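Biologist: I am new to this structure. Please take me closely through the place where the two chains meet, and then through one residue inside a chain.

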Number of protein chains: 2
Amino acid sequence: VSPAFSEKLGAAIDRSDSLLCVGLDPDPGRLPAGVDVTSFCRGIMEATHDLVCCFKPNIAFFEALGREGMTVLHEVLAAVPADVPVILDAKRGDIGHTAEAYARVIFEDFGADATTINAYGGHDSVEPFLRYSDRGVFVWCRSSNPGAVDFQDLIVLHEARSMPFWQALAIEARQWNINHNIGLVIGATFPAELAEARAIAGTMPILAPGVGAQAADIDAAVRAGIDANGRGLIVNASRQVLYASAGPDYAEAARTAALALRDAINSQRWLAEDTREA
Amino acid sequence: VSPAFSEKLGAAIDRSDSLLCVGLDPDPGRLPAGVDVTSFCRGIMEATHDLVCCFKPNIAFFEALGREGMTVLHEVLAAVPADVPVILDAKRGDIGHTAEAYARVIFEDFGADATTINAYGGHDSVEPFLRYSDRGVFVWCRSSNPGAVDFQDLIVLHEARSMPFWQALAIEARQWNINHNIGLVIGATFPAELAEARAIAGTMPILAPGVGAQAADIDAAVRAGIDANGRGLIVNASRQVLYASAGPDYAEAARTAALALRDAINSQRWLAEDTREA
């Protein structure tokens, strides 16, 4: 029996001393000459697996490879070290038999430890994912793009209180968390939202994509997003690591970038720990 | 140059005298003995293509076929008659490069005439789809499942008015419709919501899934959902047509079911026309 996602993630955080997740968004137009997608992803993972708490392949980039894309994704997943959990980023969301099919594909066919979902269809649309109680289900709450304000920030009336829509989503997700397998996706570019999300989430994990090249962004995101134990935050970086070099040294450059990110994240974790102990 | 989706849809409605869409949700466990998925979908399409205004393959059911699923989907799409538009039901939604990849896969690799999307990421997450101005983009607004109320019906403040969230989504979608290629997805099981959606949508097309076996459901949905010209509504039926018979006569049974649905829809269109003229 494989461990539940939360245990596997916790063990990976301890082993790597890292909250960094490397996102696998392979873009054939940006790969080093003569390196195919599978080899590229393998090279990135070999170079960084001891520095990360998980890998996050983005299924859109594999679908974009055409008819072989799902075979390539299977090859990449087979190359993930057994002790590193995989979040398959797919943001699926639909109702009834369709939701069941999506959950089965992601958790059974691809064997992902966790996935991202879109909860717009409400509880029964999410339940087919949640019933895989040993897998993680990250609900897409607040994104890091300009249009995030269009709907996610609309003020709603939820249980007689007014709040941004995404907070109502986070509160519902927390209430649905009877299997202790739900997390939230909150863009790292908005530290204020990340802090509010943490207040709602308690110790639920938060996946924070969108970390930019500036250390300042990381600092604010980590301070806002970690839980009371200095954990519970998964900081995703994709292109910054994958394309650190466009040459044959891409794997070495990816390791250097991942190491710098891990350490930048940890310096904030330690500062927060000092503050808690003081 | 192929016609824009709206023209292709309009021509198909005229030719078939039908607002019926047959949804292709192939479930290997329900196929007649000895019939594979590609043959089954071909059989359904051959038996019903003159009775429908479009076909709607649901990508989840093809993903669920495993590594060959996308090849099967390509085979099925290749068998769609040239004059019947295809709505590829995928409800994709994400930001940035990911949204661009999803749009490219659906409109270029699969060549779909239209798709369904999830607009939770806001305008810039939808724009990669909208810029394919000759393709249709149906924004998932109000679903037909019990959990639809969880988020879609939350009361929001939008442009200083309070309304259910899904109506704010519909109003935004209408404002984004500069390429005249946006439609809405509104579950057919809630005629009151369908009527409110029509009031917002004007002549934007509405895709209405969830029609049940009862003619009463269809009657109410059609009356509520058609536009001022007795058009603009796409009534989807999937299992009711696909699995009308589990035997070797499945195609014939599908035709009988589709014919009954088309005529039930049309009787309401004619009643509405009489009312307008009276």
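**Where the chains meet**

Modeller: Start with the charges: between chain B and chain A the count is 4 salt bridges. One of them joins the side chains of K91(A) and D94(B), with 3.0 Å from N to O. Keep in mind that this is a predicted model.

Polar contacts come next. Across the interface of chain B and chain A there are 27 residue pairs in polar contact, counting pairs with both residues at pLDDT 80 or more. On the side of chain B that touches chain A, helix 5 of chain B, residues 96–109, gives the most, with 7 residues. Sorted by class, that side of chain B has 25 nonpolar, 18 polar and 12 charged residues.

Now the extent of the interface. Contacts link 55 residues of chain B with 55 residues of chain A. Interface size is often given as the accessible area lost when the parts come together. Here chain B and chain A bury about 4,600 Å² between them. Carbon and sulfur atoms hold 59% of that area. Three residues stand out in chain B: R67(B), Y120(B) and F151(B). They supply 19% of the area that chain B buries against chain A, more than any other three residues.

Look for it in the loop between helix 8 (165–175) and strand 8 (182–186) of chain A. N181(A) has a relative accessible area of 6%, so it counts as buried, the cut-off being under 20%. What does its side chain reach? A polar atom of the N181(A) side chain lies 3.1 Å from the backbone oxygen of Y132(A). The side chain of N181(A) also reaches the backbone oxygen of R135(A), at 3.1 Å. Setting aside neighbours within four places in sequence, N181(A) is in contact with F129(A), L130(A), Y132(A), S133(A), R135(A), G136(A) and V137(A).

Terms used: Residues numbered from 1 in each chain as written. Chains lettered and ligands numbered in written order. Predicted model: local features only at pLDDT ≥ 70, side-chain atom pairs only at ≥ 80, totals over all residues. Heavy atoms only, no water. Helix = DSSP H or I, 4+ residues; strand = E, 2+ residues; numbered from the N terminus. Buried < 20%, exposed > 50% of the residue type's maximum accessible area, 1.4 Å probe, protein only. Polar contact = N/O pair within 3.5 Å; in protein donor to acceptor, adjacent residues only side chain to side chain. Contact = heavy atoms within 4.5 Å. Buried area = accessible area lost by both parts, 1.4 Å probe. Nonpolar A, V, L, I, M, F, W, Y, C, P; charged D, E, K, R; others polar.
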